[in-house]
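Hi everyone, thanks for coming.

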Amino acid sequence: MSTTLLAVQILNGLQLGVLLFLVAAGLTLVFGVMDFINLAHGVQYMLGAYLAVAFYALTGSFLSALVLALAAALAFGLVLEFAVFRHLYDRDHLDHVIATFGIILFFSIMG
């Protein structure tokens with residue numbers, strides 16, 4: 001095993017560890033503060049990235065694509081809040097998991 005390969009593997013492991021920490025910290029923070037389990041946050045993140053690329057293809061400008069994607073992702077998040085999440089706040093955590101997993105499945109099929 002070469003030193004370069006070892007260094008690359010150490011950096012890959014560090015990157016994966018930091019990624020897992022950020023995901024776990026984000027879920028813990030959201031659940032701790034809001035008392036709501038949202039498993040669909042990855043779908044929301046994916047949609048924002050997709051919108052940014054689509055708007056960049058339409059406009060050719062990174063800054064305008066960023067602004068448009070942020071506005072569209074905000075609108076999508078608000079629609080999810082009013083249509084789905086708001087009705088789940090007073091319910092059991094299992095209902096949160098089932099509803100947000102359904103959102104994941106719906107947008108995975110649509111995409």
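I'll talk about a helix and then some aromatic rings.

First, some ground rules: this is a predicted model, where local features need pLDDT of at least 70, side-chain atom pairs count only at pLDDT 80 or more, and totals for chains, interfaces and linings use all residues. Residues are numbered from 1 along each chain as its sequence is written, and side-chain values use heavy atoms, with hydrogens and water left out.

Helices here are DSSP runs of H or I with at least four residues, numbered from the N terminus. Helix 1 covers residues 3–34, and its 32 residues should span 46 Å at 1.5 Å a residue, which agrees with its end C-alpha atoms being 46 Å apart. That expected span is 1.5 Å times one less than the number of residues.

Now, how many aromatic pairs does a search of the whole structure find? Four. Rings of Phe, Tyr and Trp (its six-membered ring) pair if their centres lie within 6.5 Å; planes under 30 degrees apart are stacked, over 60 edge-to-face, the rest tilted.

Take F36 and F85: centres 5.3 Å apart, planes at 65 degrees, so edge-to-face. F36 sits in the loop between helix 1 and helix 2, F85 in the loop between helix 3 and helix 4, so the pair ties together parts 49 residues apart in sequence.

Terms used:
Helix = DSSP H or I, 4+ residues; strand = E, 2+ residues; numbered from the N terminus.
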